[in-house]
Amino acid sequence: MGFGYFITIGIIVGIYIILTLSLNIISGYAGQASLGHAAFFGIGAYASALLTLKLGLSFWAALPLAMLAAGVIGAGVGIISLRIKGDFLAVTTIGINFVIVSVFEYSDFFGGAYGISGILYPELFGFKISKGYYLILVFVFVFLTALFCRLISKSWLGLALETIRENEDAAEASGINCKKFKILAFAIGCALAGLAGVLYAHFMRFITPIDFAFPISITIVSMMVVGGIGTIRGGILGALFMAALPEILRPLANYRLLFYGGLIVLIARFQPQGLFGDNPFLFRKIFGKSFPPAAADKTGTPGGRK
Amino acid sequence: MLQQLINGIITGSLYALIAVGLTMVYGILRILHIAHAAVYVAGAYLGYVAYVYTQSLILALVFGAAGCVLLGWTIQRFLYTPLLKQERIVPLIASVGLYIFFEDLFRLLGGPYIRAFTVKLWFDKITWGSTVITSHQVLILVMTVVCLAAIYLIITYTRLGLAWQATAQDMDTAKAMGVNIRQVVNLNFLIASAIAAIAGVLTAINYNSILPTMGSVPAYKMFAIVVLGGMGSIPGTIAAGLIIGMVETVMSAYFGFIMPRDAIAFSAMILILIFRPEGLFARAR
């Protein structure tokens, strides 16, 4: 295990942080279930791979276009979410994940089951970016994503999304255009997942449909829930924790999934606000007070059960 | 064509048996019970163990069902019921985690390989022209009819069944009217888990194979069927299970693999949901 190994893990963790934060916009801020987020991760990766290989675009030109592609298809799911709600939406997004992956897998245009190989490493000012700098690049995007999420949560858009999450009818009655904001939340969240896909494709340089299959969506959702749904620090720390966990558990090799699954159950059962969300037990244990102070009177997770 | 239809009905019956339990759980607790597939695999393994030791199919079914009733009840009592007050996504994640946990547990206990689950019945197959029905298929049909009839009778004619119906319509009102919700929830998991176990044993016998990951596709595909059936409607789920089973079998037999078998159910579901968000068979309200 050399230095390169840690850089690789760092890059993967960074990509998962972007994915978790992007899902948090849809599920945490707007309160819309999405269990197919890996599909948009995949759309970003495939779009960028095809744009650079078939049209000869550079990484920097392909990046916004791939994000746009993921965002537009995400907006489509947003439109679907206007008609299909709650648990139905959760199941529908599972279905969307399966269908999109099967499109990648069964069409020659997307390279079939063998995927696409030979994707180029990005260049900056004519120089090929080395692995170490790629890590920096990924974390610049992580920082920008976190900043963007912070801006959203402090803006009118964030307020509107929160209102929709808490009570959609009341939001509509107070003059919030729920349709517009829901579609917007899906478009932004999916475009950011597309960004993660671009970073993934150009780092791995080889993508297959399996990389974006449903279990990845579950991983992203678990990261969000374990970290603490609806908060930025929860998204970041949850992704960090869950992505690092398989590496830490490597000595347990044979019992890894058993442990992983069991841990998800225990956290969901005993710490449903997430490990790092509002009023986490870790913080209470260490500092002996609740955090953040304003959340002390809150019971349960934001939103509560409708 | 007739042969494909029969195969489709068999597949569909197995789907219906698994999905009906999911629909019942959703109907009462409003939880997407993904770990139901773990109960189904547990049933198959328990049945297999019982069959290896006793060589009796009846004991295999009974032992599988009994073990799964216990497992299902434990999941309900210690995981789902305490999470009812939480946001919807929390029990869902717990359920997914539980499924991952059990799938790995089965791999550790049963080995990662496929085991043959060979059961000989007193006849081999019925041949009618070019159409063949194996004894296992007959067994599945009979068991499906028996299980579904049992559910129908319990729910329609027993006191607890009536309580179940009331709870499914409106839990709070039912509670206010003096319905013992705890009993209803227990009954619900008892039936759902027992039938999942029976479906597990039957599936393993039908394909003569049992493996730890046999639940990973049903875990999610069954939800497409539950949604098509109108989420919480038992007859709707049964019809949707049969339809999806037949469409899948006929499509992959006659049109080749345009798309993977498992994507068909989801594509159908998405299309129907867009045009009829209440599901194909939802009752008008």
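What is the mean pLDDT of chain A, and what percentage of its residues reach 70 or more? The mean is 86, and 90% of the residues of chain A reach 70 or more. Here pLDDT is the predictor's confidence in each residue, on a scale from 0 to 100.

This is a predicted model, in which local features need pLDDT of at least 70 and side-chain atom pairs count only at pLDDT 80 or more, while totals for chains, interfaces and linings use all residues. Residues are numbered from 1 along each chain as its sequence is written, and chains are lettered from A and ligands numbered from 1 in the order in which they are written.

One stretch of chain A needs a caution. Over residues 293-306 of chain A the pLDDT is below 50. Beyond near neighbours in sequence, that stretch still has 25 contacts in the model. A contact means that the C-beta atoms of two residues, placed from the backbone, lie within 7 Å.

Now chain B on its own. Chain B has eleven helices and two strands, in the order α-α-α-α-β-β-α-α-α-α-α-α-α along the sequence. Helices (H or I, at least four residues) and strands (E, at least two) are DSSP runs, numbered from the N terminus. The C-alpha trace of chain B spans about 60 × 45 × 35 Å along its principal axes. Its radius of gyration is 19 Å, which agrees with the value near 19 Å for a compact globule of 285 residues. That radius is taken over C-alpha atoms, and the globule rule is 2.2 Å times the number of residues to the power 0.38.

Of the 285 residues of chain B, 52% count as buried. Buried means 20 or more other C-beta atoms within 10 Å of the residue's own, exposed means 12 or fewer, and partly exposed is in between, with C-beta atoms placed from the backbone. Among contacts in chain B with a separation of 6 or more, 77% join residues 24 or more positions apart.

Next, a helix pair in chain B. The axes of α2 (residues 36-54) and α3 (residues 57-83) of chain B come within 7 Å and cross at roughly 145°. Axes are lines fitted to C-alpha atoms, for helices over the stretch in contact, and angles run from 0 to 180 degrees between N-to-C directions. The residues that meet include Gly43(B), Leu46(B) and Gly47(B) in α2(B), and Gly64(B), Ala65(B) and Cys68(B) in α3(B). The residues of this contact divide into 13 nonpolar, six polar and no charged. Ala, Val, Leu, Ile, Met, Phe, Trp, Tyr, Cys and Pro count as nonpolar, Asp, Glu, Lys and Arg as charged, and the others, Gly among them, as polar.

On to the interface. In total, 40 residues of chain A are in contact with 37 residues of chain B. On the chain A side, α3 (59-83), α4 (86-106), α9 (214-227) and α11 (256-270) each give two or more residues. The largest share, 14 residues, comes from α4(A). By class, that side has 23 nonpolar, twelve polar and five charged residues.

From chain B, take two residues of helix α4. Phe101(B) is found in this helix, residues 89-110, and counts as buried because it has 22 C-beta neighbours inside 10 Å. Phe101(B) touches Leu258(A), Gly261(A), Gly262(A) and Val265(A), not counting residues up to four places away in sequence.

Ile93(B) also lies in helix α4 of chain B. Ile93(B) has 27 C-beta neighbours inside 10 Å, so it counts as buried. Leaving aside neighbours within four places in sequence, Ile93(B) is in contact with Val221(A), Ser222(A), Val225(A), Ile264(A) and Ala268(A).
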